[in-house]
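This report describes selected strands, helices and DNA-facing surfaces of one model. The sequence and structure come first.

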There are 2 protein chains.
Amino acid sequence: MAIKILIVEDESRLRKLIRDYFSKEGFDIFESEDGKDALVKYDTNHPDIVILDIMLPEIDGWTVMKRIRQGSNVPVIMLTARSEEEDKLFGYELGADDYITKPFSPKVLVAKVKALLKRSGKIKVDENKIAVNELVIDLSSHKVILNGKHLELSPKEYDLLSLLMQNKDIAFSRDELLNKVWGYDYFGDARTVDTTIKRLRNKLENYSEMIQTVRGYGYRLSDKK
Amino acid sequence: MAIKILIVEDESRLRKLIRDYFSKEGFDIFESEDGKDALVKYDTNHPDIVILDIMLPEIDGWTVMKRIRQGSNVPVIMLTARSEEEDKLFGYELGADDYITKPFSPKVLVAKVKALLKRSGKIKVDENKIAVNELVIDLSSHKVILNGKHLELSPKEYDLLSLLMQNKDIAFSRDELLNKVWGYDYFGDARTVDTTIKRLRNKLENYSEMIQTVRGYGYRLSDKK
DNA sequence: TCTTTTATGTCATTGAATTGTCACATAAAA
DNA sequence: TTTTATGTGACAATTCAATGACATAAAAGA
């Protein structure tokens, strides 16, 4: 049950920073760099929470806010460069749930988002997540998120990745993997592991190097360098 | 599993000293001698902890600290020549996690680093590492680190080095090595050992003397003198 | 049920890394 | 100086992992 977050921010560096933080928390991320696109993404993806910059090209944050509020009560956090009180008041009137003034600490932003989600009952307590770099596995929901995007894994791929992530930096021999993933009574080619690793790496795209080959032995998952 | 540490210090003697101490602890080490390079190294390598001198060429430690803090909460320990209280206060405001005043004992620095890492949950307790000088082998991840840098070993090289490191200062005859590394049923030239030793020594570069020849017998791994 | 899609295992091929052997150089011991 | 042991470079044989193709099995859908 990955939580969907829409990040609306035109400055790409900042957007990327925010994305990185939330991707590590296992959020499913959607991004827009202008207000028009934001509304489209909002309508199509129904995020659980929106982070919205005020200064935007095309349509400004206020207008986006108003439009969103016409049909929904989704929590919205506004980003503003100015810290003037009047802005805040105006925003709250329009229905913003919280505020953060640039420059801000990404940790504070994450905390605010979590607080809002808790208030709206979206966050479950029993989540069981493991993150390695931008790769997050949620053991309770069996979901894997890479860089804010949901990864579609087959059962074997999931089991294998799950084992490796739960044992980051531990090298497993092919036989160990066969035992732990395929089952102790599996009798088959150890090369089967290779094939599943190959398919996993394909899905990990440019994070594929996280699964490292230990020649003459097996595989290991480690941080991307 | 190897913890990444970024050491930012312009005085090369001191940097080397720090490096040696942390390499013995099995850290993965990155070094910078000025603030500009430090920021680049920080962004590319995502260290788990940063040791940061205040007086630096190009960009000073304060500025580096501020930049780092814009996007991350990584633990930072600052090195300062002066011990004035105001410096410390200023540093803490910027988000430094700890302080150490020159001249300092490297042991104290290592202790502080470990404490911070424990606090941030980076250190695991049951790591399976053996260190001899600046050479560290991590048996669970099958990684070998020399002087903070990852060593790329072939399977035979790894097995051989692993045996020698687990039995530091014990001399093995060629036949024993053949048995223990190549397998009890291996029948081949005992000189094969020599070749693998040669390849290992090459990779150990100026630490090659750690593998000592026991004339008329075999080999032994000991401290570099 | 039958069909279609997806997941999985096997296998052959390819290219690269590893390894063992040998010949010769060098060093140590006799 | 001779003998013996070890270091080293080159080469060929071997092993190994990656990959693509295919066949079968399982699941989903009609």
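Which residue in the turn between β7(B) and β8(B) has a positive phi? That residue is B:H142, with a phi of about 60 degrees, in a hairpin where four residues separate β7(B) from β8(B). The model is predicted.

Strand β7 of chain B, residues 135–138, is covered on both faces. B:L135 and B:I137 are buried on one side, and B:V136 and B:D138 are buried on the other.

β7(B) pairs with β6(B), residues 129–132, and with β8(B), residues 143–146. In both cases the strands run antiparallel: four bridges link β6(B) to β7(B), and four bridges link β7(B) to β8(B). Across the pairing with β8(B), B:L135 has B:L146 as its bridge partner. β6(B) and β7(B) also form a hairpin, here with two residues between the strands, and B:N133 in that turn has a positive phi of about 50 degrees.

**Strand β4 of chain B**

β4(B) spans residues 76–80, and five of its five residues are buried. B:V76, B:M78 and B:T80 lie on one side, while B:I77 and B:L79 lie on the other. β3(B), residues 49–53, is joined to β4(B) by four bridges and runs parallel to it; B:V50 has B:V76 as its bridge partner. β5(B), residues 98–101, is likewise joined to β4(B) by four bridges in a parallel arrangement, and there B:M78 is partnered by B:Y99.

| Strand pair | Bridges | Direction |
|---|---|---|
| β6(B) and β7(B) | four | antiparallel |
| β7(B) and β8(B) | four | antiparallel |
| β3(B) and β4(B) | four | parallel |
| β4(B) and β5(B) | four | parallel |

Chain A has eight helices and twelve strands. Of its 225 residues, 32% count as buried. Among contacts in chain A with a separation of 6 or more, 58% are between residues 24 or more positions apart.

A:L139 sits in the loop between β7 and β8 of chain A. Why does A:L139 count as partly exposed? The reason is that A:L139 has 13 C-beta neighbours inside 10 Å, whereas a residue counts as exposed at 12 or fewer and as buried at 20 or more. The C-alpha atoms of A:L139 and A:K129 are 6.0 Å apart, although ten residues separate the two in sequence. Setting aside neighbours within four places in sequence, A:L139 contacts A:N128 and A:S162.

The 14 residues of α8(A) should span 20 Å at 1.5 Å a residue, and the end C-alpha atoms are 20 Å apart, so the two values agree. The buried residues of α8(A) are A:V193, A:T196, A:I197, A:L200 and A:L204. Because these residues cover an arc of only 105 degrees around the axis, they are on the same side of α8(A). On the other side, A:R191, A:T195, A:K198 and A:N202 are exposed. The buried residues pack against β8, α6, α7, β11 and β12 of chain A. A:E205 follows α8(A) and has a positive phi near 45 degrees.

In α7(B), residues 174–182, the buried residues include B:L177, B:L178 and B:V181. The buried residues of α7(B) fall within an arc of 100 degrees seen down the axis, so they line one face of the helix. Their cover includes α6, β10, α8 and β12 of chain B. Just after α7(B), B:G183 has a positive phi of about 110 degrees.

By class, the surface near DNA strand D has three nonpolar, six polar and nine charged residues.

Around DNA strand C there are 25 residues, of which A:S154, A:G188, B:S154, B:K156 and B:D189 come nearest. Here α6 and α8 of chain A, together with α6 and α8 of chain B, each supply at least two residues. The surface near DNA strand C divides into four nonpolar, eleven polar and ten charged residues.

Definitions and conventions:
Residues numbered from 1 in each chain as written. Chains lettered and ligands numbered in written order. Predicted model: local features only at pLDDT ≥ 70, side-chain atom pairs only at ≥ 80, totals over all residues. Nonpolar A, V, L, I, M, F, W, Y, C, P; charged D, E, K, R; others polar. Near = placed C-beta within 6 Å. Pairing = 2+ DSSP bridges. Contact = placed C-beta atoms within 7 Å. Expected span 1.5 Å × (residues − 1). Arc of directions from axis to C-beta.
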